[in-house]
Amino acid sequence: MTAEGADAAGAGRFTLDTRLSGALGGRTAQAVERAFGYRTVGDLLGHYPRRYALRGELTALASLPLDENVTIVAEVLEVRVREMRQRRGSIVEAKISDGTGILTLTFFNQKWRENELRPGRRGIFAGKVGDYKGNRQLAHPDYELFDDDVPLSAGDAAAKRWAEAPIPIYPATGTLASWQLAKAIALLLDGLGPLDDPIPDAVRRARSLLDQRAALEAVHRPETEADWKSARRTLRFTEAFVLQTALLLRRAELRAHTTTARHPSPGGLLERFDASLPFSLTADQRAVGAEITADLEQPVPMNRLVQGEVGSGKTVVALRAMLAVADSGGQSALLAPTEVLAAQHLRSIARMLGPELAAALVPTLLTGQLPAAERRRALLRAAAGQARIVVGTHALIGDAVSFADLGLVVVDEQHRFGVEQREALRLKGQHPPHVLVLTATPIPRTVAMTVFGDLDVSTIRELPAGRAGIETFVVPLAERPGWRARVWERLAEEVEQGRQGFVVCPAIDAKVVEDDPDALEPEAADGRSGGPAASVSSVLAELEAHPRFSGKRVAPLHGRMGSDEKDAVMRAFAAGELDVLVATTVIEVGVDVPNASVMVVADADRFGVSQLHQLRGRVGRGSVPGLCLLVTSAEPGSVALQRVEAVAATLDGFELARVDLELRQEGDVLGATQSGGRSSLKLLRVARDGDVIADARELAAEVLAADPTLERHRALAAEVRRRLDAETSGFLSKG
């Protein structure tokens, strides 16, 4: 800590917006920013402890995971110094214990540690867990020993408080230990000036909440367990209230804009399309279509999310909206997450329109991989207004792309796009375009309220008639290793009946895991299969060597292939020229091959619940029954196996979304591509805090109804700006 930081702390003049460089000194501030991205006092004070330890408790050392950074409470058993054999110098080895297990601390050429680490002393130890000759060890760990000079006589109240005070254990890194963060935070608290509270006084009293200053003090420096529990309850409600206020402010802001109302013409493109459909729309499709039509006819921009089961017909609903816009002379842009999906959307739209309507609307593909001549033609069609429907990837956002009259932006699988990408496309309209967001990931109500709170939400639950359905089975290799051979036999049987199949793997080859933002980390902490992930290359080799696949047409598909190559493979598969596609999750969204009947997911435990549900939705899309085999080596009774079994137990994506939320408890609710971190929520958990979120939203609506600009709630307005970092705030405002 520099003198500069200490002097500032003594002044007692910090605000939540004070730069850390002025509060802690440049060196410490840089270390904190590198580790966590925090720049202000408020940022670091929002870094809450992940748990609390007591000086009298010990950590179960036997359960420590290898190769992970840990912070533990333990007691020193013995210390010894030995000379190194191969080179000059010494090694200090200290054994620490939780009363049952033993962990070794190792220090090279630091003999002075022997004087500190005396037997009987307890403290907090932090480092990466390693293994040396079968024994757990921490090499060069950080530690802070408890002060054993504090008298612990029975009548000493101060000593009793010291012994019983919870010790905050912070999310830490290899360069910033938990207690280093605790010391920095203590300096900030000592120097923090008065705070205005974002929660109205009456609300705080009615809910028995602490004021913000007291809550920050109690969460970081509690004297009792009740202190931090009360603080977390207050800070959790504050987080929900600030978040919902931000969403409702944005909702009101969007409704303050004006745009061009889009009315379908009598006897126009939309009516002609509806008359040409060879099937009847489902009741849900009609109801959602009516909501969208009503939105488009308003002079304020539509901002609607349509969530629907895999295969529920969201594309038809979106296409009808595009036709309503085209009837009024406007254009629509459909933003897809991958080139494969963009190309398929274009083919699907052209097929649904039929030759006459396609000729009138000129649906056009615009992606980064188009040959130069095709790209120029596509750009001209969009700029001249000839292409009423333009389908593309992030290439649509480029500076060279312009539209004559952009009336509607359709975003497919919106969680795959970053904030700036969506906003850049929105700005290409002369007036703010209407926005329709599609997702095939069913969203529980609390998540919808938290993440998409500035959007109107429509739901399509009903599946079109004539679907043959899907059967799903778990193949538990940990218990039944012999069943692996049967998986390939079953795949071969489907192919021999003239059908097609997918095999999905989490990795491209032994060294390359597909860059998938939704994939789970491969460590086995929750019972997931350890070791290298099943890969496209290894499965291809296995099938090529299998006698049942001799002469069968098997091809790979993954993210390292060029877009032309990927598109050619998908076209060949859709045309029935390939029997089996061995792929990564590039086939997760939108690939539509009615003849595909079987889906094998290798290492299914490495995928999330909603992702498995999406993958399964690639089969059973026509009159051929679908079969999904979820192959897993996850341990019996593990959370990983529970996830896979949950998917097999139901085809209801909304039920699975609820189960997934309960199993995960938390996670990156706002999406890594939006927030840039593992979780944008600090204490709030959508799985657990639905009542808190609903209460906070109701309160935020009341406050904004009485004070739409927050003129009389300055502290709340400041907290809305402060608590959501720039990128997440952008995401919330640009959804």
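**Notes on selected loops and helices**

1. Ser-638 sits in the loop that runs between strand 21 (626–632) and helix 22 (639–649); helices (H or I, at least four residues) and strands (E, at least two) are DSSP runs numbered from the N terminus. Please keep in mind that this is a predicted model, in which local features need pLDDT of at least 70 and side-chain atom pairs count only at pLDDT 80 or more, while totals for chains, interfaces and linings use all residues. Residues are numbered from 1 along each chain as its sequence is written, and side-chain values use heavy atoms, with hydrogens and water left out.

2. Is Ser-638 buried or exposed? Ser-638 is buried because its relative accessible area is 9%, and buried means under 20%, exposed over 50% and partly exposed in between (1.4 Å probe, protein chains only). A polar atom of the Ser-638 side chain lies 3.2 Å from the backbone nitrogen of Leu-641.

3. Helix 22 also meets helix 21 (residues 609–616): their axes come within 9 Å and cross at roughly 40 degrees. Helix 21 is therefore oblique to helix 22 (angles under 35 degrees count as roughly parallel, over 145 as roughly antiparallel, 65 to 115 as roughly perpendicular and the rest as oblique). Axes here are lines fitted to C-alpha atoms, for helices over the stretch in contact, and angles run from 0 to 180 degrees between N-to-C directions. On the helix 21 side, Val-609, Leu-612, His-613 and Arg-616 make the contact, and helix 22 brings Arg-643, Val-644, Val-647 and Ala-648; contact means heavy atoms within 4.5 Å.

4. Now to another helix pair. The axes of helix 11 (residues 269–276) and helix 14 come within 9 Å, with a crossing angle of roughly 165 degrees, so helix 11 is roughly antiparallel to helix 14.

5. Helix 20 (residues 563–574) has twelve residues and spans 16 Å from its first C-alpha to its last, close to the 16 Å expected at 1.5 Å a residue. That expected span is 1.5 Å times one less than the number of residues. Just after helix 20, Gly-576 has a positive phi of about 80 degrees.

6. Which residues other than glycine take a positive phi? Asn-109 is one of them, with phi near 55 degrees, and Leu-710 is another, with phi near 60 degrees. Asn-109 belongs to the loop between strand 4 (102–108) and helix 5 (113–116), and at 45% relative accessibility Asn-109 counts as partly exposed. Leu-710 is in the loop between helix 25 (690–706) and helix 26 (714–723); at 2% relative accessibility, Leu-710 counts as buried.

7. Finally, have a look at His-47, in the loop between helix 4 (41–45) and strand 1 (51–53). With 5% relative accessibility, His-47 counts as buried. Leaving aside neighbours within four places in sequence, His-47 is in contact with residues including Phe-36, Tyr-170, Leu-181 and His-220. The side chains of His-47 and Tyr-38 make a polar contact of 2.8 Å (a pair of N or O atoms within 3.5 Å; within protein, one must be able to donate a hydrogen and the other to accept it, and residues adjacent in sequence count only if both atoms are side-chain atoms).
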